[in-house]
Amino acid sequence: MSDKTLTRMDLSEAVFRNVGLSRNESAALVTQVLQHVSDALVANEQVKVSGFGTFSTRDKSARVGRNPKTGEEAPIPPRRVLTFRPSHLMKDRVAAGNAAKKG
């Protein structure tokens, strides 16, 4: 497993290098885009990024869970969870990247 992590700073640096905005403008742009995505998900909207994937929320109903250590049952309250479904293009890119590393 890789120990590299793509951060918000990495994204703003990429915008700075490729778009030509200043570093501050690039950081503000990345922050605004991420805030817009976050706001849409909070409003229960889907976020589709062509060639990347779809972010959406899903409601999970209440259920009875079990503590794996003790076996004791415990109620799990209903909640809303975030889901991501990658596009076929993204799946293919990841699979090709994995194949290149192995061979």
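The largest pocket holds about 500 Å³ of space, in what is a predicted model. Its lining is made up of 14 residues, and by class these comprise 13 nonpolar residues and one polar residue, with no charged residue among them. The points below take up the lining of this pocket, and then the pairing of the strands.

**Lining of the largest pocket**

- Of the 14 lining residues, those that lie nearest the centre of the largest pocket are L11, V33, L34, V37 and F55.
- Helix 1 (8–19), helix 2 (23–42) and strand 1 each contribute at least two residues to the lining of the largest pocket, and helix 2 gives the most, with seven residues.

**Strand 1 and strand 2**

- Strand 1 (residues 47–49) and strand 2 (residues 53–60) run antiparallel and are joined by three bridges, with V47 having F55 in strand 2 as its bridge partner.

**Strand 2 and strand 5**

- Strand 2 is also joined to strand 5 (residues 79–86), through eight bridges, and these two strands likewise run antiparallel.
- Within this pairing, R58 stands opposite V81 in strand 5.
- As a general point on such elements, the side chains of a regular strand alternate between the two faces of the sheet.

How values were computed
Residues are numbered from 1 along each chain as its sequence is written. This is a predicted model: local features need pLDDT of at least 70, side-chain atom pairs count only at pLDDT 80 or more; totals for chains, interfaces and linings use all residues. Side-chain values use heavy atoms; hydrogens and water are left out. Two strands pair if DSSP finds at least two bridges between them. Helices (H or I, at least four residues) and strands (E, at least two) are DSSP runs, numbered from the N terminus. On a 1 Å grid over the protein atoms alone, a cavity is a set of points where a 1.4 Å probe fits but cannot get out, and a pocket is an open set with protein on both sides within 12 Å along at least five of seven lines; lining residues have an atom within 4 Å of a point. Grid points are joined across faces, edges and corners, and a volume is the space filled by probe spheres set on the points. Ala, Val, Leu, Ile, Met, Phe, Trp, Tyr, Cys and Pro count as nonpolar, Asp, Glu, Lys and Arg as charged, and the others, Gly among them, as polar.
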